[in-house]
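Subject: Structure handover

Hi,

Here is the structure for you to open. My notes on what turned up in it follow below.

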Amino acid sequence: MLDISEDGRTWVLSGPASSYAVHVTERDELLHLHWGARIGLADAEALAVRPLPDYWPFESPLDGREEYPVEGGPRFTRPALSVRTGERRGTEWTYEGHDTEDGELRLRFSDGDLAITLHYRMRSATDVVERWVTLDNHGPAVEVLRADSATWTLPDRDAWRLSQLHGRWGAESRLERSALTHGEKVIGSRRGHTGHQHLPWVALDTDATEEHGEVYGCALGWSGSWRIAVAQLPDARVQITGGAGYDDSGLLMLGPGESYTTPVFAGLWSDGGHGGASRAWHAYQRTYVIPGADQDRPVLFNSWEATEFDISEEQQRALAERAAAMGVELFVVDDGWFGARTSDRAGLGDWTPNPDRFPGGLKPLAEHVHGLGMQFGIWVEPEMVNPDSDLYRAHPDWVQYQPGRKRTEFRNQLVLNLAREDVQEYLWEQLDGLLSSAPIDYVKWDFNRCFTDAGWPDDPYPQRLWVDHVHALYGLLDRLRAAHPGVAFESCSGGGGRIDLGVLGRTDQVWTSDNTDPLDRLAIQHGFSQIHPARVMAAWVTDSPNAMLNQRASSLRFRFVSAMAGVLGVGGDLTKWTERELAEARDWVELYKEIRPVVQRGDLYRLRPPEGGLSAVQYALGDETVVLAWLQAQRYGEPVPALRLRGLDPSASYECLETGEVHRGAVLLHHGLRVGLRGDLDATVVRLQRK
């Protein structure tokens, strides 16, 4: 809902529980008025007439109160917008008016020939505010050093606490909460992709618990380099500024008649604690971001950990038959099916099946997989190229490089300059032809190295490749999805290196981490759930001991229950599993299919974090509830504590549904409000149905 004052200078956007209000003064200063619990237009107008404090000359009355700080004038905070022409730097804008369309509010300003539009949208049945900015140049060229999507202003509070997700390869999305001190806290990526080190999300609170208290959160929808700065100003006000690009050394050059639209930087206020905020983010993404989120994702098998590069059609057929007997619904051939790809040293860029390994192409294997009752998928890494490839030998100038400098190879590969239109067209022809050549249902799209030598010697403004690469990626995915609407896509970047609202708007799920150790994954999945839903969180059951990372042994039960917290997959070498293991796996897959709608589409409650002996999550959808619990450790024979469930009707009765002998270990107590677990099991699944 959008309310506008009679003078057209105060606006209030409202959702089910919150409101967001801004005001333009007679001096064309755009001020932030309110973000929090719902208010009316009259309340916002009363806030608008409050005078600004008289801080000048050593502090600015605009700092901490301005809605979108620009460079120049009486401001000392970090600018969200910084532009340069041949004659001047900075912005001195004039308010031109506003317009609305389908619930979107557009506030229009100008600075000479540069038009600046601030966009606001609060979609139906959500408290998420979407914000972005459009720049239109009607004059000579303008260099855009920085154009953030939004600046968020928090109300006056004492002792803010900052939540963020940090990590590295194999240890992504780890939650950290710390006191916010004066100055700036800056997170981001200067690597050309979202990065393993930080997810583009922050949350702030003062005293929130998992289920109670105010939480303010912001999430950026951008899959390239990015930056979010959280600043506690001298007067204790807090502002959060974020957008594409990490440094202010130059984002792009806007020529005459050109425009630039920033990615969306979304914000959410919740009074339901961190859990309530997570559920609101999840619902927003399932409704407005993730394509086809009302369709549950299938159980998949991926061949990588079983075969790595040593693959053949015959071998893949044997794995497919075992996977189908287990109840798998999607069979995926990973790296090694194309070109001269017998190791990571060759073949990237040559997206045609290896004739020695697949003499008839991929179609015979895909048809065999379909005949087994499964969908068929493949792995690709289109943005990369090996120097040992037909593509590189034909077009060595198609990669990012700095002339006169030694090039960097990670994983024996270089980054294609996707900002080039000829590279975009080549990839479109290759991938469209590939998806047309066989009945392919799924593509795992990988990205296995960061930008290092991000140069473009022949371009007059080579810095633009940082932004244009991402726009080209989005355009290619959009084009492929339109041409092949039945194909699902997964975003992968050596695990969780490219996960954000931007790529989630174009893919059906994401690879959360290359770390498939089930105990490690509990912490990774706990952090991931702060912002993203289980519907997109791919999780695999792999062999034990975990050969790739830590050699830790774990039961098949623990591995399955850990992976069932998201989109279940299997990645082990099924030819080495015993008949007993295969039979137990069939039972777990069958159970997952029964609980899948609740896990992938239900509301998530984090009952116990993965920090002590017992951790657990709960999903609720309609009259059904599913609890997944893991006993990580038990000391001195202590009894396992009962779990207090959330989101249930305390006046109703709930029955525990039978899940088979292999899954037992739950006892229902107190009409379903508490669940007790047997101490001799390391993991369990509990299903509750309202009577």
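The buried residues of H11 are Leu556, Arg557, Phe558, Arg559, Phe560, Val561, Ser562 and Ala563. Buried means under 20% relative accessible area, exposed over 50%, and partly exposed in between, with a 1.4 Å probe and protein chains only. That is 8 of the 8 residues of H11, which is mostly covered. Helices (H or I, at least four residues) and strands (E, at least two) are DSSP runs, numbered from the N terminus.

Two points on the source. This is a predicted model: local features need pLDDT of at least 70, side-chain atom pairs count only at pLDDT 80 or more, and totals for chains, interfaces and linings use all residues. Residues are numbered from 1 along each chain as its sequence is written, and side-chain values use heavy atoms, with hydrogens and water left out.

What do the buried residues of H11 pack against? The partners are H10, strand E30 (537–541), E31, helix H12 (579–601), strand E34 (624–631) and strand E39 (683–690). Contact here means heavy atoms within 4.5 Å.

**H10 and H11**

Take H10 (residues 518–528) next. Its axis and that of H11 (residues 556–563) come within 9 Å and cross at roughly 20°. Axes are lines fitted to C-alpha atoms, for helices over the stretch in contact, and angles run from 0 to 180 degrees between N-to-C directions. H10 and H11 are therefore roughly parallel to each other. The cut-offs: under 35 degrees is roughly parallel, over 145 roughly antiparallel, 65 to 115 roughly perpendicular, and the rest oblique. The crossing of H10 and H11 is left-handed. A crossing is left-handed if the near helix is turned anticlockwise from the far one by less than a right angle, and right-handed if clockwise.

On the H10 side, the residues are Pro518, Leu519, Arg521, Leu522 and Gln525; they meet Phe558, Arg559 and Ser562 in H11. By class, this contact of H10 with H11 has 4 nonpolar, 2 polar and 2 charged residues. Ala, Val, Leu, Ile, Met, Phe, Trp, Tyr, Cys and Pro count as nonpolar, Asp, Glu, Lys and Arg as charged, and the others, Gly among them, as polar.

**Val567**

Valine 567 sits in strand E31 (residues 567–570). Is valine 567 buried or exposed? At 1% relative accessibility, valine 567 counts as buried. Leaving aside neighbours within four places in sequence, valine 567 has contacts that include Arg297, Pro298, Gln509, Met537, Tyr592 and Gln600. Tryptophan 540 is 27 residues away along the chain, and its C-alpha atom is 8.2 Å from that of valine 567.

Helix H4 (residues 313–326) packs with H12 at an angle of about 55°, and their axes are 8 Å apart. That makes H4 oblique to H12. Arg322, Ala325 and Met326 in H4 meet Glu579, Leu582, Ala585, Arg586 and Val589 in H12. The contact divides into 5 nonpolar, no polar and 3 charged residues.

Helix H7 (residues 421–437) and helix H8 (residues 465–483) have axes 11 Å apart and pack at about 30°. That makes H7 roughly parallel to H8. H7 passes H8 in a right-handed crossing. In H8, Ala472, Leu476, Arg479, Leu480 and Ala483 meet Gln424, Glu425, Leu427, Trp428, Leu431, Asp432 and Leu435 in H7. Here the residues divide into 8 nonpolar, 1 polar and 3 charged.

**Strands**

Strands of a sheet pair through backbone hydrogen bonds, either parallel or antiparallel. Two strands count as paired if DSSP finds at least two bridges between them.

Strand E15 (residues 198–205) has 8 of its 8 residues buried, so E15 is largely enclosed by the rest of the structure. His198, Pro200, Val202 and Leu204 are on one side, and Leu199, Trp201, Ala203 and Asp205 on the other. E15 pairs with strand E12 (residues 161–166) in the antiparallel sense, over 5 bridges. Serine 163 stands opposite alanine 203 in E15. E15 also joins strand E16 (residues 215–220) through 4 bridges, again antiparallel. In E16, glycine 217 is the bridge partner of alanine 203.

An open sheet of 4 strands runs in the order E11-E18-E17-E14, with antiparallel pairing. Its edge strands are E11 (150–154) and E14 (183–189), each pairing on one side only. E11 and strand E18 (residues 238–244) are joined by 5 bridges. Threonine 153 stands opposite glutamine 239 in E18.

Best wishes
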